[in-house]
Amino acid sequence: MRTQFANGIRHPDLYLWDAWSYQCDDLLHLFCLAIPRRDAEEKPIDPKNRNLFEFHIHHFESGDLGVTWCDAGVHRRPGMALPHDDANIWSGSITPIGSKLVEAYTGIRRVTEDRPFLQSLLLSVLDADADAFATQAHCLLCPERDYGEIRASGYYLDALDNLGSNRGECDGAILAWRDPFLFTVEESVYMAFAAKSNAKQAVMGMARLTEDLSQAVLLPPISLPDASEFTQFEVPKVVYIGSLDKFILLAATTDRQSETQDEKEVAHHIRLYTAKSPLGPWVPCGRKSSVIHGVADLFGATCLGFDEPNGRIMFIAPYTSNAPQELELTFAPRFFVDIDQLGQEDKVFATWS
């Protein structure tokens with residue numbers, strides 16, 4: 001019998017962070033990054049040191065719109081798109097596209113000891129059982145391989161011999177070429193991802209995939225209207241909400257200035273924007289702020305869907321490592337945003353029931 005969780009997910013054996021999801025029929029599928037709470041010698045792992053360990057993507061399922069979740073086990077481990085994911089895997093997305101189930105995720109390659117975070121955007125078409133272990137992946141965009149094309153398209157990359165440095169770019173945050181999110185618009189497949197336009201300016205990357213999903217054609221980077229408030233833009237999700245006749249953009253941001261900063265010095269926010277087109281222009285959800293208020297210590301949320309009878313969008317997110325110890329890197333219960341607030345209130349607040 002599979003382990004079941006209610007009121008969020010506090011996994012006894014795993015630390016969990018970053019979230020993405022999709023719905024198939026009446027079943028919600030939730031994915032996240034994970035590491036064990038204990039190492040091979042059964043010593044407790046400090047979650048703040050999780051980059052020292054190999055991540056995996058974990059899978060949960062819900063038949064009641066996220067009220068409860070069942071543990072569906074490990075979905076993916078590194079090594080299915082060598083050499084691009086030989087060191088680790090980071091966040092991504094899984095999206096039904098026609099009759100296919102398509103996964104995009106971040107592959108991490110360790111170039112040298114000082115360059116452990118070279119990120120590439122990878123893609124895999126999953127088999128009928130959504131078994132990631134039975135499917136290979138290929139690289140869509142690699143900052144090293146595609147350096148000239150990426151720079152010519154308006155994106156920032158550090159010097160080739162510094163890509164993936166653990167010291168960051170120009171003493172700021174590390175390379176941002178990660179967290180690919182797939183979505184479809186009028187039969188075209190797009191990919192949003194985390195990127196930069198200069199060393200300390202975060203943007204949303206955007207690409208259009210070719211019909212056979214083998215290649216990604218870069219589009220210009222998309223600036224957010226309040227980008228001066230943050231330096232890192234992460235795990236974006238672009239979702240069309242029919243009742244609004246608009247797209248929403250859900251993202252996580254920080255104001256990290258340096259990779260040497262203590263985590264408690266860094267502000268983490270979940271932000272929400274709306275637009276008529278996924279290419280923008282994007283408008284903050286509140287008249288004065290894109291921040292979703294009332295979700296302290298949460299980060300890396302996913303949109304579970306739209307609750308039409310109550311006119312609200314459903315979300316779920318994990319707690320950061322700044323949360324109380326019993327909550328850090330576990331999932332909070334669902335939260336909601338009423339669509340009547342969007343563009344009408346100065347600040348948008350989440351509700352929890």
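The legends below describe close-up views of a predicted model.

**View 1. Ile9 and the residues around it.**
Ile9 sits in a loop that runs between strand E1 (4-6) and strand E2 (14-24). Is Ile9 buried or exposed? Its relative accessibility is 0%, so Ile9 counts as buried. Leaving out residues up to four places away in sequence, Ile9 touches Leu16, Leu30, Phe60, Trp69, Thr330 and Phe331. Asp297 is 288 residues from Ile9 along the chain, and the C-alpha atoms of the two are separated by 15 Å.

**View 2. The salt bridge between Arg109 and Glu144.**
Side chains of opposite charge can pair when their charged atoms come close. Here Arg109 forms a salt bridge with Glu144, and the closest N and O atoms are 2.3 Å apart. Arg109 has a relative accessible area of 17% and is buried, because buried means under 20%. Glu144, at 32% relative accessibility, counts as partly exposed. The count of salt bridges in the model comes to 13.

**View 3. The salt bridge between Glu234 and Arg178.**
In this view the side chains of Glu234 and Arg178 meet in a salt bridge, with an N to O distance of 3.1 Å. Which strands does the pair link? Glu234 is in strand E14 (residues 232-241) and Arg178 is in strand E10, so distant parts of the chain, 56 residues apart, are linked. Glu234 has 14% relative accessibility and counts as buried. Arg178 is also buried, with a relative accessible area of 4%.

The side chains of Arg271 and Glu229 meet in a salt bridge of 3.0 Å, N to O. Arg271 lies in strand E16 (residues 268-275) and Glu229 in the loop between strand E13 (216-222) and E14, so the pair ties together parts that are 42 residues apart in sequence. Is Arg271 buried or exposed? At 2% relative accessibility, Arg271 counts as buried. Glu229 has 44% relative accessibility and counts as partly exposed. A network of salt bridges links Asp226, Glu229 and Arg271.

**View 4. Ala227 in the loop between E13 and E14.**
Ala227 has its place in the loop between E13 and E14. Glu229 is found in that loop too. With a relative accessible area of 9%, Ala227 is buried. Which residues is Ala227 in contact with, leaving aside its neighbours within four places in sequence? They are Gln201 and Ala202. The C-alpha atoms of Ala227 and Gln201 are separated by 7.3 Å, and the two residues are 26 residues apart along the chain.

**View 5. A patch of negative charge on the surface.**
Which residues gather in this patch of negative charge? They are Glu186, Glu187, Glu211 and Asp212, and the patch is on the surface. One of them, Glu186, is found in the loop between strand E10 (178-185) and strand E11 (188-198). Glu186 has 75% relative accessibility, so Glu186 counts as exposed.

Definitions and conventions:
Residues are numbered from 1 along each chain as its sequence is written. This is a predicted model: local features need pLDDT of at least 70, side-chain atom pairs count only at pLDDT 80 or more; totals for chains, interfaces and linings use all residues. Side-chain values use heavy atoms; hydrogens and water are left out. Patches are made of residues with over 30% relative accessible area and no salt bridge: like charges are joined within 9 Å, nonpolar side chains (Val, Leu, Ile, Met, Phe, Trp, Tyr) within 5 Å. Accessible areas come from the Shrake-Rupley method with a 1.4 Å probe; for residues, only the protein chains shown count as cover. A salt bridge is a side-chain nitrogen of Lys or Arg within 4 Å of a carboxyl oxygen of Asp or Glu. Lys and Arg count as positive and Asp and Glu as negative; His and the chain ends are not counted. The place of a charge is taken as NZ of Lys, CZ of Arg, CG of Asp or CD of Glu. Helices (H or I, at least four residues) and strands (E, at least two) are DSSP runs, numbered from the N terminus. Buried means under 20% relative accessible area, exposed over 50%, partly exposed in between (1.4 Å probe, protein chains only). Contact means heavy atoms within 4.5 Å.
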